[in-house]
Every structure is written in structure tokens, then in C-alpha cells.
Amino acid sequence: MKRKVVSMTMAVLLGLSLAACGSNDKGTDAGSSQAADSQEATEAPSKEDGDAGADTGAAAANKDKPLVWFNRQPSNSSTGELDMTALNFNADTYYVGFDANQGAELQGTMVKEYIEANIDKIDRNGDGTIGYVLAIGDIGHNDSIARTRGVRKALGTGVEKDGNINSDPAGTNTDGTSSIVQDGEIEVGGKKYVVRELASQEMKNSAGATWDAATAGNAIGTWSSSFGDQIDIIASNNDGMGMSMFNAWSKENEVPTFGYDANSDAVAAIAEGYGGTISQHADVQAYLTLRVLRNALDGVDVDTGIGTADDAGNVLTDDVYVYKEDERSYYALNVAVTADNYQDFTDSTKIYDPVSAQLDEGSHAKKKVWLNIYNASDNFLSSTYQPLLQSYDDILNLDVEYIGGDGQTESNVTNRLGNPSQYDAFAINMVKTDNAASYTSLLSQ
Ligand code: BGC
């Protein structure tokens, strides 16, 4: 609750601060790789060249400025197909996220291994069926889809549809007759158990916000009154929803709950019976989000400070990320966080040591970045990702304007990109993954 108030206040302040910016600050100096492409006389710098450390030269056209999509990959929300037009918007466009399939598999395996290790007490009513309920974040978000599939795959409850595991919400499945999921089987110590997805639903509130923690808190109330001690496990596409269900019901009833994100509150709850979570290495993602922009603005190879050490010694090793050139995408790798290792993950806002060295402002001049968070109340983005971005923006000498959306309407965000010429680069977190063109059209004007 408190966090929500803080982030909403932040969103209001951000809105005000943006509105307060003058519109005459147009000629942001370029001096970057894209400068050469922009020859329009109208875009000539209108400001003196005296900005701290800034280069001189013609201002870049907005369509040529560095752009990074993050956390929500431009893609078709029905098929998951990547939107390569958006990912190739210009020569300095990238996506930064995490490896959804690797993480989904880890989450599924974590739940399965927990069941195996705790088989003597997991079946609360002793009926030989391990029942679980599943909170789904956003049926049109490929990361959410991957996590639903990962849990169903590991537990044997998935049903194939069009060559892949069906990720649709099952609604309720009291007797195992659903056509969306099937009963799985797990054998431990020579004894066979049925595994049943008793219920699952998308946690979308009436206003349309997805991954909605409050909706999940209500859902567990309904589910627990219908299923009672048939529920042995709770799985959630993220920690925000997982913690809401944990606090509302599963902590008191000692039902292990598994989430995703390794937010600090969820990691701390492992000591109190939360089953586990997955770190999507937000510390690496937040760095990459700003780093690809920094590199483009400096006109250096995109690998600088990533696979190749920069002049301050920042570098990542390939056990924490992969880059897929054909997808123009950087993906951080995931790590399971359980009772065995949670002590190493207690502060989700701590920056990643190997990329924590300050860049020199003399050779990496301050630049202005417009960045939005699709929903200022999203637990993961507001409690983990944004604080990390705010630490890295100082290290990378980026002056970032943070815009918080309402999680429901794209125009609530795009309306605040009214004057892109004020910025040197853009970092975008769409409300809907299909909507990339709403942003690129503004940058192309
Ligand atoms: C996180 C969710 C979050 C979503 C927002 C996901 O990567 O796991 O917690 O709500 O991003 O887009």
C-alpha cells in the first residue's frame, strides 16, 4: 500500500516535471553515430555549444536517435511473433529483457523439485492428488505465456495446442476434466501422485490493468473457499501477485507459493514459507537498458561495457546475458532463488558489481533520456527495476526523465512524449506489446 502511494506520487511528480519543461530546448547536441544522417536545416542546434562536455554538430532527427525497448518486447500479443519493424526502427534500436524460456523452465523445475523434496507433507488432505492454482499475469505478454507453459510443462499438466503448450487460463478444473490442462503424474519413492491445476485465471482488474496483485489476492480468497485443503501449491507468473496471495492466505495456511522476479519482499518471505522465486537479473537488465543508449550516444561499438570492458572497467560475462543479433535483443539469464540461496538476493535494488564503475563525464558527456514505465504501480518495475535504473543513470551520466503510466492506456504514456526533440535517446516500456508504432510514429514526425 505504502509503495503504491509512493509510486503514484512519483508518477504525478514526473508528469509535472515533464510539463514544466520548456519547448525551446530543442537543439540537443548530437555528436553521436546518428548525427551524420540528419542534415535537415530545421533541426540545427538552437542552443549554444556550451553544454557540459557536449559535442557540437547538427542535431539528430528524432527518428535516428537511439531507442531501447525494455521489459515488454515488441511482438504480436496473440502469436508472440516479434515485431521486427519496431526492433529495427533505426541503426541504434535494441530490446533488453530476459530469457523467458530459460526462466520459465527454471520456475517449473523449482516447483517440481520442491514437491519431490517435501512429498511427505505436501499433500495436505492426503488424497494422492497434488493440487495447485496458478495466477496468470497477462495473456498477451510473451513472458507471462512462457511462465504458464513452464509450470505446466514441468508438472505434466500442459496440453499441446498448435505445436506448443496451451497457455490459456483454465478457469476452474475441480475434477480434472478441463480441455485446457490435463492431470499430470509425479512419482516419488515408488509412489505415484496425480498433479492437478485446480484453477487459473488472468489477474486483470476491471479497469484493464494486468499482473494485478490485488486481483490475485481476491482470487485466492475465492479459490481457497472452493478448494480448501485441496490446494497444496500456489504458482504465480510474478511475485507481486504471489505475495498478495501469500499475505492473504497461503502464509497462514502454510501453502508454499512460488513467484518470479526476486523482489526484496518476496525474497525475505522465503524465510517465512514463501516457496521460491526467480531472479531475472534485473540488475543486469537495467544496466543494459541504459548502456546500449550510452554506447550509441558515444558513437562506440554496442558491445562496449557489455562483452568488452569499457574505459572504466565495466564488463559483463556471458553467464549473465545473451545477445541475439537477429532479434536485436539482449536477454539477461535467470537464477532460481530458494531457501538454499536466498540470502544472496535480499536487496533486489543493489547494482551489479562488475558494471558499477562511474564513467568519466569528460569523455561521456551528460545526455538526456526519455524513459517510461508502463505502469507506475507495477511491483517489479517500481520496486526493483526503476531503483536500479536510477543508480545506473548516474554511473552512465544520463539525465533520465522517468514517466510512469497507468498500465492501461498507451495514450496516457504517448501523450507525454509530446516533444521528443528535447531528448537524445528513448527507453520505452509499452503498455501493450503490439503498440510499438504508437511510439515510432511520434519519433518519425
Ligand atoms: C515481471 C512482472 C511485471 C512485468 C511487467 C515482468 O517481467 O516479471 O512482474 O509485472 O514484467 O511488464
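View 1. Y392 belongs to helix α10 (residues 379-395); helices (H or I, at least four residues) and strands (E, at least two) are DSSP runs, numbered from the N terminus. Leaving aside residues up to four places away in sequence, Y392 touches A286, Y287, L290 and I351, and contact here means that the C-beta atoms of two residues, placed from the backbone, lie within 7 Å. Between Y392 and A357 there are 35 residues in sequence, and their C-alpha atoms are 9.5 Å apart in space. Residues are numbered from 1 along each chain as its sequence is written. Because the model is predicted, local features need pLDDT of at least 70 and side-chain atom pairs count only at pLDDT 80 or more, while totals for chains, interfaces and linings use all residues.

**View 2. Helix α9 and the residue that follows.** Helix α9 (residues 282-298) has 17 residues and reaches 24 Å from its first C-alpha to its last, close to the expected 24 Å, a span calculated as 1.5 Å times one less than the number of residues. The helix is mostly covered, with 17 of its 17 residues buried. Just after α9, G299 takes a positive phi of about 70 degrees.

**View 3. Helix α7.** The twelve residues of helix α7 (residues 239-250) place its end C-alpha atoms only 13 Å apart, short of the 16 Å that a straight helix would reach at 1.5 Å a residue. Ten of these twelve residues are buried, so α7 is largely enclosed by the rest of the structure; among the buried ones are D239, M243, F246 and W249.

**View 4. The shell around the ligand.** Residues surrounding the ligand include N71, R72, W211, G240, D261 and F380, each counted as near if its C-beta atom, placed from the backbone, lies within 6 Å. Domain 1 (16-51 + 59-97 + 281-357 + 370-406 + 424-443) and domain 2 (119-255) both contribute residues to this shell, so the ligand lies between them; the domain bounds come from an automatic or database domain assignment.

Conventions: Buried ≥ 20, exposed ≤ 12 C-beta atoms within 10 Å, placed from the backbone.
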